[in-house]
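Me: I have a protein model open and want to learn how to read it. Can you take me through it feature by feature?

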Amino acid sequence: MSLLNQLFNRGVFGTKCKTCLSLAISRIKLLQNKRDTHLKHMRKEIAQFLQAGQEAIARIRVEHVIREQNIWAAYEILELFCEFVLARVPIIENQRECPSELREAIASIIFAAPRCSDVPDFFQIKNLFTAKYGKEFVMAVSELRPDSSVNRTVIEKLSISAPASEVKLKVLKDIAQEYKVQWDSTSTEAEFGKKHEDLLQGGSKQICDGAAVSQAPKKQGSLESSPSIVAAQSVVSPDSQQKTQHVQAPSSSNNAPLMGCNEIEPSVKSYVAGPVSDAKRETRPQATEILEKARAAIASAERASAAARAAAQLVNVNFGSLKLEDGKSS
């Protein structure tokens with residue numbers, strides 16, 4: 001029974017493998033025709049961008065063209081490997097281990113299975129070889145171990161890393177030559193010649209320049225607002241002193257801080273006088289606004305002082321009437 005099962009399993013493996021390989025070959029040919037047409041259209045668009053002077057867009061689009069060309073080249077190699085394995089399916093059935101002459105072809109197909117989603121037949125072929133040679137064989141191929149025997153060109157073409165600057169420049173020159181576009185590649189060569197560190201430094205300089213420009217208006221605003229603050233202080237301070245003198249009783253402890261403020265104000269005014277005069281010269285239209293604010297402050301201070309005097313008089317009158325009532329009662 002075991003011999004019959006082995007013979008039956010061999011027949012099933014061979015039939016499934018041949019079917020999957022044949023479907024993969026026909027699917028790859030169909031995809032190659034579609035990709036070839038798509039590549040021609042993309043190359044023509046890049047030639048139009050170069051002719052119109054839109055090199056920045058062309059530099060971005062050329063990466064997609066290179067990616068499609070790499071996939072096209074990988075599919076061409078995989079198609080040859082599928083045909084090679086299909087012709088030697090009987091040898092694979094009769095041997096338990098993978099033949100050395102077929103190891104590169106089988107390993108390359110297994111490696112391409114998860115990276116070529118357009119060809120789902122590769123997954124079925126991978127499952128068939130996993131059942132025949134074991135999971136360890138497939139793991140070694142997927143992890144690209146030293147003994148995996150995967151084709152180096154297939155690994156390079158199916159890589160997801162960005163293409164080198166030299167490759168992009170070469171493809172752009174080939175497209176310009178193919179469509180006879182007169183294109184000066186000096187700016188593109190200079191752009192591709194920049195290193196990653198240079199691009200980072202350029203970006204940081206732009207950010208610092210933008211921050212300096214945004215801080216400049218803030219400094220000007222602070223200089224413009226300083227004259228109004230000083231004027232308001234110079235106008236309001238005498239009236240505030242009068243209010244305190246009318247309402248509060250004179251005492252040495254209360255007059256001390258007022259004298260300190262009067263002594264400090266001239267030094268502050270002398271310190272601010274230089275930049276304030278320059279700011280007034282630069283901002284003459286704002287002088288009228290400052291005067292209006294100062295006048296309004298003076299008027300409000302006078303009203304406050306009048307109210308304080310009236311309150312003091314009322315306090316004195318009430319206090320005198322209370323004394324008279326106390327005298328009469330006594």
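**Reading the core and the helix contacts**

Reply: Start with the core. Of the 41 residues in the largest nonpolar core, Ile 106, Phe 122 and Phe 129 touch the most other members. A nonpolar core is a set of buried Ala, Val, Leu, Ile, Met, Phe, Trp, Tyr and Cys residues joined through side-chain atoms within 4.5 Å. Buried means under 20% relative accessible area, exposed over 50%, and partly exposed in between, with a 1.4 Å probe and protein chains only.

Me: Which elements give two or more residues to this core?
Reply: They are helix 1 (2-52), helix 2, helix 3 (89-94), helix 4, helix 5 (121-133), helix 6 (135-142) and helix 7 (152-157). Helix 1 gives the most, with eight residues. Helices are DSSP runs of H or I with at least four residues, strands are runs of E with at least two, and both are numbered from the N terminus.

Me: What kind of model is this, and how are residues numbered?
Reply: This is a predicted model: local features need pLDDT of at least 70, side-chain atom pairs count only at pLDDT 80 or more, and totals for chains, interfaces and linings use all residues. Numbering runs from 1 along each chain as its sequence is written, and side-chain values use heavy atoms, with hydrogens and water left out.

Me: What does Phe 129 touch?
Reply: Contact means heavy atoms within 4.5 Å. Leaving out residues up to four places away in sequence, Phe 129 touches Phe 13, Cys 17, Val 85, Ile 92, Ile 106, Ile 110 and Gly 134. There is also a second, separate core of 18 residues, which includes Leu 39, Ala 58, Ala 176 and Trp 183.

Me: How many helices and strands does the protein have?
Reply: Twelve helices and zero strands. Buried residues make up 29% of the 330 residues. Among contacts with a separation of 6 or more, 76% join residues 24 or more positions apart.

Me: How do I read a pair of packed helices?
Reply: Two packed helices are described by the angle between their axes and the distance between the axes. Axes are lines fitted to C-alpha atoms, for helices over the stretch in contact, and angles run from 0 to 180 degrees between N-to-C directions. Take helix 2 (residues 55-87) and helix 4 (residues 103-112): their axes come within 9 Å and cross at roughly 130 degrees. Helix 2 and helix 4 are therefore oblique to each other. Angles under 35 degrees count as roughly parallel, over 145 as roughly antiparallel, 65 to 115 as roughly perpendicular and the rest as oblique.

Me: Which residues of helix 2 and helix 4 meet?
Reply: Leu 78, Phe 81, Cys 82, Phe 84 and Val 85 in helix 2 meet Glu 104, Ala 105, Ile 106, Ser 108, Ile 109 and Ala 112 in helix 4. These divide into nine nonpolar, one polar and one charged. By class, Ala, Val, Leu, Ile, Met, Phe, Trp, Tyr, Cys and Pro count as nonpolar, Asp, Glu, Lys and Arg as charged, and the others, Gly among them, as polar.

Me: At what angle do helix 4 and helix 6 cross?
Reply: Roughly 75 degrees, with the axes coming within 9 Å. That makes helix 4 roughly perpendicular to helix 6. Arg 103, Ile 106, Ala 107, Ile 110 and Phe 111 of helix 4 make the contact with Phe 137, Val 138 and Val 141 of helix 6. Its classes are seven nonpolar, no polar and one charged.

Me: Is Ile 28 buried or exposed?
Reply: Ile 28 lies in helix 1. It is buried, with a relative accessible area of 0%. Beyond its neighbours within four places in sequence, Ile 28 contacts Tyr 75, Leu 78, Glu 79, Val 119 and Phe 122. Ile 28 and Tyr 75 are 47 residues apart in sequence and 6.6 Å apart in space, C-alpha to C-alpha. Ser 26 is also in helix 1. At 43% relative accessibility, Ser 26 counts as partly exposed.

Me: What should I look for in phi?
Reply: Most residues other than glycine have a negative phi. Leu 144 has a positive phi of about 55 degrees, although it is not a glycine. Leu 144 sits in the loop between helix 6 and helix 7 and is partly exposed, at 34% relative accessible area. Lys 180 also has a positive phi, near 55 degrees. Lys 180 is in the loop between helix 8 and helix 9 (186-193) and is exposed, at 77%.
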